[in-house]
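Please open the model in your viewer and keep a selection panel at hand. The tour below goes from stop to stop, saying what to select and what is there.

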Protein chains: 2
Amino acid sequence: MTTKTPGGYCGKILRVNLSTLKTAVEEPEEIFYRLYFGGSGFTGYYLLKELKPGIDPLSPENKLIFSTGILTSVPTAGSGRNGAGAKSPLTGAWGDAQAGGFWGAELKRAGWDAIIVEGKADKPVYLWIKDTKAEIRDAAHLWGRLTADVERQIREELGDDKIRVAQTGPAGEKLVRIAGIVNDINRYYGRCGLGAVMGSKMLKAIAVRGHKPVKLADKDKVLSLSRQIAGVVKQRLGQFTQYGTAAGVLGLNTMGILPTRNFQQGQFEKVEEISGPKLTETLLVARDNCYACGVNCKRVVEVGAPYNVERAYGGPEYESIAALGSLCGVGDLKAICQANQTCNANGMDTISVGTTIAFAMECFENGLLTREDTGGIDLSFGNAEAMMQVVELIAKREGIGDLLAEGNHRAAKKIGQNAMQYAMQIKGQELPMHEPRGKVGLGIGYALSPTGADHCHNMHDTEFQRPAALQGLGILEGVPPLELSAAKVRVYRAVVNWQHFRNSAILCNFLPYRQRQVVELIEGATGWTTNVLELIKVGERALAMARAFNAREGFTAKDDVLPDRLYTTFSDGPLKDQPICKDDMQEALKTYYAMAGYEPELGAPTAAKLHELDLGWVVDEIEKAGLKI
Amino acid sequence: MTTKTPGGYCGKILRVNLSTLKTAVEEPEEIFYRLYFGGSGFTGYYLLKELKPGIDPLSPENKLIFSTGILTSVPTAGSGRNGAGAKSPLTGAWGDAQAGGFWGAELKRAGWDAIIVEGKADKPVYLWIKDTKAEIRDAAHLWGRLTADVERQIREELGDDKIRVAQTGPAGEKLVRIAGIVNDINRYYGRCGLGAVMGSKMLKAIAVRGHKPVKLADKDKVLSLSRQIAGVVKQRLGQFTQYGTAAGVLGLNTMGILPTRNFQQGQFEKVEEISGPKLTETLLVARDNCYACGVNCKRVVEVGAPYNVERAYGGPEYESIAALGSLCGVGDLKAICQANQTCNANGMDTISVGTTIAFAMECFENGLLTREDTGGIDLSFGNAEAMMQVVELIAKREGIGDLLAEGNHRAAKKIGQNAMQYAMQIKGQELPMHEPRGKVGLGIGYALSPTGADHCHNMHDTEFQRPAALQGLGILEGVPPLELSAAKVRVYRAVVNWQHFRNSAILCNFLPYRQRQVVELIEGATGWTTNVLELIKVGERALAMARAFNAREGFTAKDDVLPDRLYTTFSDGPLKDQPICKDDMQEALKTYYAMAGYEPELGAPTAAKLHELDLGWVVDEIEKAGLKI
């Protein structure tokens, strides 16, 4: 942060200390924005710079970072995203997630790029940001209430129904480790248990209203690009508009990679019942969009009694349908919608909830959990009623829900060593609904992800086997989904560095921006002259900080492991007898460390790599922790 | 080479076997061009793929690669360049050099991207390429003749005075290890002793005439860029037009980094006498240009008796003025012009010739060479007459010239261990006229360059301390010239990867193209969609191949060393008491290996790095040689 560029790109960051109830404003110099961008980049920067190693993620010492990115609120499709990060109470590692919606853009319109929440309030509070003013308000009356109710109440008491609210739900209040943060009631910073961090700080919500139009260095350039991408959206994202992210259910099932019954199978016999078309034809009542986006991939469903699913909570994404559906053997779409609503209303990550319930079902079927443990619930695969019940119990930390609120890894530890084989998790975070056995690059990514298993900053081999998808990243040839080789590692690394850039910028994964268009967007927004080389380094830098943070927390290459089940083969389906070879995977990981410039035992960037990424200060942080890089 | 792209960018490569006197045509697929581009990239590819390790560079087993680049002959300033490469008889390492002029563009207009010369003729021959036809002709009548004479004769006998000729001179015929290849009589592939390789093959010349206009995918785009850069040339390169590369003499002297008396000093008391303005005011009779370029940085001088310098051989560049001038303590510009002409007429590298003579002068002053050794010549610093005489003797391998024709490293070995301290060389190649003590990044580059000491693919710290010069390479902040740090290594690496791209593309170093303009030029020429990330990887790939080639030839990190003199300080001048710290340099080199993904003992790319660069086949080549990477 040494170059002061008067008149250059700049912004404001709000620091909120809940222990002292004080706020402060920081104005970093331009180079800070250019190196870190926002989102994952900011999370990496603040966590590494400001957290002491080894702190309890649910203690006041943890910090919760809400951050926009340079593209957040820029008027173009995919820019309605925002990031949140903290040390994860689920994994003890780097915690990072992004959500769409409108809250992030509103925060930016209020004049803020990020909020750093420190300390812990001694009673429930919420933060009210109206343009440049930030006020910490009492939230006793909001504590324990469901998310839609909280949003309604805040808008009412502040007298402005355009206020946008990010909040933790009752689950986060109860420190459910798989609780998420939600904004706009149904857009989730789902992963890493960030809702519990917010709950631990007694921070119920952040309400925001801004009136400053977004400042663009070259408005015409941005708007021209915005029109271009809107045209592409019309041409190419029809399936998404029509069926939402659930559009993928049938295709993945056909490919044999729809996670089913806790990853025991890759095809689900009731797939038609939980498919995108089925949802659209039966329960869908509206489509919804994020800021500036015309894709309308968000669902709004309504289901009558006894499910009682209301419009406010939107409708299930692909991840939620698979996690609460096929993964639990549940083919009842109404039950899935209801469980999804329970998650949204209580502020929980549908992926971790579904994967943890599927884990519990397999334990139940194998006698490791009994009706005594479940309070009489028949927790067999396919029992939709049981699934819905347990989601509710987790949110309330009641009965079996108290155990499962810890996530599948901690729950397995408590149940006993035999249960661990059923815990589909990495570094303590539950697997999302993408199956490495049909996309082995994704498997590399599961192993390496600094948040534990994740799909949002991962590679999806099927998309990146075509040269056209890779040439913008400097790679001329694709690699087939099942190939596990150094060439695949190379593609994986390029893609994932770019994903981390995108999660710093922040731009939605679904919009098919070419790298060149992103460069122009950044230029239009900031007035900088940049290029894809600089931008991909932003992503590599964010990832490097995350891995360095994890190293400091005691994570090493030994923690970059897939659950053994992923090395077994399916007993039928298109991927029958095509297991991932464990030796090949271990070789691939070694290749990755070398390719990425990571110390191979520690699995974290070497000093030279950190210097190459302009992260000299991280070398000092790591050495202070007594690690050799 | 697996993707056949019908209608894509493609070209032809001519393979000439002088042992069998047969020629063959190869048509690589588009991806070959996109990965290797030409120039240094082609040299790396063919040497690594086709040479057996350990061959004698002067044997028929060596191959001599002439290669254009994708930008060669594209109608824009700086595109009149061409590359030549072979295993170097001077160093035994990767040999690579580029020259300007018109020959390369003519070769391309004849329809060829490169010529691979193999084997050895049993009598002198030359190659005559007229468009698609290639003919091997007798050259007995040309053998031993000076370069201007040879060009004249070839044009005459083939009846076309637009023929362009690349040739080796009498020095190359005599296997002088510091002989270069020349085209257009005065544009030199100077370094690495490539003239001796051409001589060893008994290939006197390659005469070329082409009539096919260059094919451009988007002519308008190229011409628009060409006009842009022509405008920049007018605004910014006036000094170059006015004074040629000699424009630098005075400024470098002021900075204390004009190499003087074999690098004993950095300032020369007679600097005014050999300066750019002096040359322009006294001896200059015309300026000359390369293909499509309006800079006119080339000099044409004329000096009367007794020097007898004719116009045909042009005039001295900065390198020649310093090497034959200040480095030898010679302040007589006429003598420098005459020695320059002797080098050009006989086909020798003025840098290595000057540095070797300066070495001999220091040996002479210290009693390691005597008048007996020199045949009576008083080889003291400052003796212009002696300097001119010895240049002639080297070209003829007569008297002391036979010893010095081996270059300063081999000569020092023959003179005895005490002489080695005066041999300013790295890996056996003589230092060019740039002083690391005032630009420490350049010192890193001297140590690491795969050709031994070199300035053409090196970093010049003074240019790259400004953010504006670096931002196109993804680096936001410059580093001062004297700083030796990991930050400097980072800048060095980015710059040098880009230089290797430029030497593959091939584009003149002097033209101030921004990276973005180069991307657009490439796109306009080829029809590809590319970006700076892809292009800088082309450079990194070329360099990685060079270092891998060297590793196979037995070069390791131990050979990446600077002469001890560069760690001493100047006794006066602006850099007094500011030596380069040897420990810091060694640390910087270690940082470089780590940052570049090199195995630190071998100093060559790891298997992972090679895979990252799409060079899986090189892993096999290196492993075949029994090396562990």
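A polar contact is a pair of N or O atoms within 3.5 Å; within protein, one atom must be able to donate a hydrogen and the other to accept it, and residues adjacent in sequence count only if both atoms are side-chain atoms. This is a predicted model, in which local features need pLDDT of at least 70 and side-chain atom pairs count only at pLDDT 80 or more, while totals for chains, interfaces and linings use all residues. Residues are numbered from 1 along each chain as its sequence is written, chains are lettered from A and ligands numbered from 1 in the order in which they are written, and side-chain values use heavy atoms, with hydrogens and water left out.

**Stop 1: Ser449(B)**

Select Ser449(B), in the loop between helix 18 (440-448) and helix 19 (467-470) of chain B; helices (H or I, at least four residues) and strands (E, at least two) are DSSP runs, numbered from the N terminus. Ser449(B) has 3% relative accessibility and therefore counts as buried, where buried means under 20% relative accessible area, exposed over 50%, and partly exposed in between (1.4 Å probe, protein chains only). Its side chain makes a polar contact of 2.9 Å with the side chain of Thr451(B), and a polar contact of 2.9 Å also joins the side chains of Ser449(B) and His457(B). If residues up to four places away in sequence are not counted, Ser449(B) touches Lys427(B), Asp454(B) and His457(B), contact meaning heavy atoms within 4.5 Å.

**Stop 2: helix 18 of chain A**

Move to chain A and select residues 440-448, which form helix 18. Nine of the nine residues of this helix are buried, so helix 18 of chain A is largely enclosed by the rest of the structure. Display its surroundings as well: the buried residues of helix 18 pack against strand 15 (425-426), helix 20 (486-505), helix 22 (532-552) and helix 23 (582-596) of chain A.

**Stop 3: a six-stranded sheet**

Next, colour the open sheet of six strands in chain A, which has the order 8-7-12-9-10-11 and mixed pairing; two strands pair if DSSP finds at least two bridges between them. At the edges are strand 8 (133-138) and strand 11 (187-189) of chain A, each pairing on one side only. Neighbouring strands of this sheet are turned by 20° against each other on average, direction ignored, the axes being lines fitted to C-alpha atoms, for helices over the stretch in contact, with angles that run from 0 to 180 degrees between N-to-C directions.

Within the sheet, select strand 9 (residues 164-168) and strand 12 (residues 203-209) of chain A, which pair in the antiparallel sense over four bridges. Here Ala166(A) stands opposite Ile206(A) in strand 12 of chain A.

Arg152(A) and Asp149(A) are three residues apart in helix 4 of chain A, and so are separated by about one helical turn. Arg152(A) is partly exposed at 49% relative accessibility, and Asp149(A) is partly exposed at 25%.

**Stop 4: salt bridges in chain B**

In chain B, select Arg177(B) and Glu406(B), whose side chains meet in a salt bridge (3.2 Å, N to O). Arg177(B) lies in the loop between helix 5 (170-173) and strand 10 (181-183) of chain B and Glu406(B) in the loop between helix 16 (400-404) and helix 17 (407-415) of chain B, so the pair ties together parts that are 229 residues apart in sequence. Arg177(B) is buried at 16% relative accessible area, as is Glu406(B) at 9%.

Then select Lys537(B) and Glu612(B), a salt bridge with its closest N and O atoms 2.7 Å apart. This pair links helix 22 (residues 532-552) and helix 24 (residues 607-612) of chain B, at positions 75 residues apart, and both residues are buried.

**Stop 5: where the chains meet**

Finally, show both chains: 33 residues of chain A are in contact with 33 residues of chain B. How many salt bridges are counted between chain A and chain B? The count is six, and one of them joins Arg490(A) to Asp614(B), with the closest N and O atoms 3.1 Å apart.

Conventions:
A salt bridge is a side-chain nitrogen of Lys or Arg within 4 Å of a carboxyl oxygen of Asp or Glu.
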